Amino acid sequence: MIVALIAACEIGFWVLLAAGLATRYLLKMPRTGLALLLCEPLLEVVLLVATALDLKNGAEPNWTHGLAALYIGYTVGHGHRTVKWLDGHAAHRLGGAPKPIGPPRYGMARARHEGRVWLGTLTGAVVATVLLQLAIWYVDDPSRVTSLENWRWVAWRTAGIHGLIALSYAIWPRKAPAGEPEERPAKERVARGKN
């Protein structure tokens with residue numbers, strides 16, 4: 001049941017996102033579109049409540065409960081950035097806004113960008129760990145929570161690997177080709193950000 005609910009929440013995320021962006025830019029109803037986009041966190045609340053009820057009703061804690069915690073953590077850590085990125089592209093394609101500026105490609109600017117993305121992964125690992133620990137305390141039976149404990153290590157291994165990848169951008173920064181700046185000038189970033 002939990003796996004089906006995770007799949008339904010993921011599908012619901014994209015359906016709400018598409019509906020919100022279409023309402024915002026195609027139907028020219030920005031407030032209604034924003035309201036639809038703001039409904040997305042409710043999907044995670046539904047998943048969290050369903051997982052807690054499943055455990056309360058005596059379900060054996062297993063990998064599905066751990067996966068639900070990781071999914072919620074990922075959404076908390078990266079959901080806002082994903083929605084913002086897609087909103088910028090929808091504004092460009094559907095609303096006539098200028099093309100969004102992509103992430104920096106070279107040097108320390110790229111390293112800072114990768115570090116910010118990694119902070120989303122770190123936030124997701126923290127959220128997943130807290131949810132898993134709450135589930136472990138809720139079940140309160142050390143013989144039944146091994147699966148949940150293992151998922152904590154999955155969250156932190158993922159954050160660690162992503163952290164090493166992000167750190168590699170700072171240790172070995174990619175050089176811009178001759179004549180191309182490593183980072184766009186601040187005036188250009190500010191001017192494009194206001195549009």
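Helix H5 covers residues 107-139, and at 1.5 Å a residue its 33 residues should span 48 Å. The end C-alpha atoms of H5 are 48 Å apart in this predicted model, so expectation and model agree. Just after H5, Asp140 has a positive phi of about 55°.

**Overall make-up**
- The protein has 7 helices and 0 strands.
- Along the sequence, the pattern reads α-α-α-α-α-α-α.
- Along the principal axes, the C-alpha atoms fill a box of roughly 60 × 45 × 20 Å.

**Domains**
- The domain assignment gives domain 1 as residues 1-60 and domain 2 as residues 64-174.
- The C-alpha centres of domain 1 and domain 2 are 18 Å apart.
- In the contact between them, 26 residues come from domain 1 and 20 residues from domain 2.

**Segments annotated in UniProt**
- An unreviewed UniProt entry lists residues 117-139 and residues 151-172 under "transmembrane region".
- In the model, residues 117-139 are 100% helix and 0% strand.
- The end C-alpha atoms of residues 117-139 are 33 Å apart.
- Residues 151-172 are 95% helix and 0% strand, with end C-alpha atoms 32 Å apart.

**Helices H1 and H2**
- Helix H1 (residues 2-25) packs with helix H2 (residues 30-38) at an angle of about 170°, and their axes are 7 Å apart.
- Angles over 145 degrees count as roughly antiparallel, and H1 and H2 are therefore roughly antiparallel to each other.
- On the H1 side, the contact is made by Leu16, Leu17, Ala19, Gly20, Leu21, Thr23 and Arg24.
- On the H2 side, these residues meet Pro30, Thr32, Gly33, Leu34, Leu36 and Leu37.
- Sorted by class, the contact of H1 with H2 has 8 nonpolar, 4 polar and 1 charged residues.

**Helices H3 and H4**
- Helix H3 (residues 40-56) and helix H4 (residues 63-95) cross at roughly 170°, and their axes come within 10 Å.
- H3 is therefore roughly antiparallel to H4.
- H3 contributes Glu40, Glu44, Leu47, Leu48, Thr51, Asp54 and Leu55 to the contact.
- H4 contributes His65, Ala68, Tyr71, Ile72, Thr75 and Val83.
- An α-helix has 3.6 residues a turn, so residues three or four places apart point the same way.
- By class, the contact of H3 with H4 has 7 nonpolar, 3 polar and 3 charged residues.

Note on methods. Residues numbered from 1 in each chain as written. Predicted model: local features only at pLDDT ≥ 70, side-chain atom pairs only at ≥ 80, totals over all residues. Heavy atoms only, no water. Helix = DSSP H or I, 4+ residues; strand = E, 2+ residues; numbered from the N terminus. Expected span 1.5 Å × (residues − 1). UniProt positions renumbered as here; feature names shortened; annotations may be inferred. Axes fitted to C-alpha atoms, helices over the stretch in contact; angles between N-to-C directions. Parallel < 35°, antiparallel > 145°, perpendicular 65-115°, else oblique. Contact = heavy atoms within 4.5 Å. Nonpolar A, V, L, I, M, F, W, Y, C, P; charged D, E, K, R; others polar. Domains from an automatic or database assignment.
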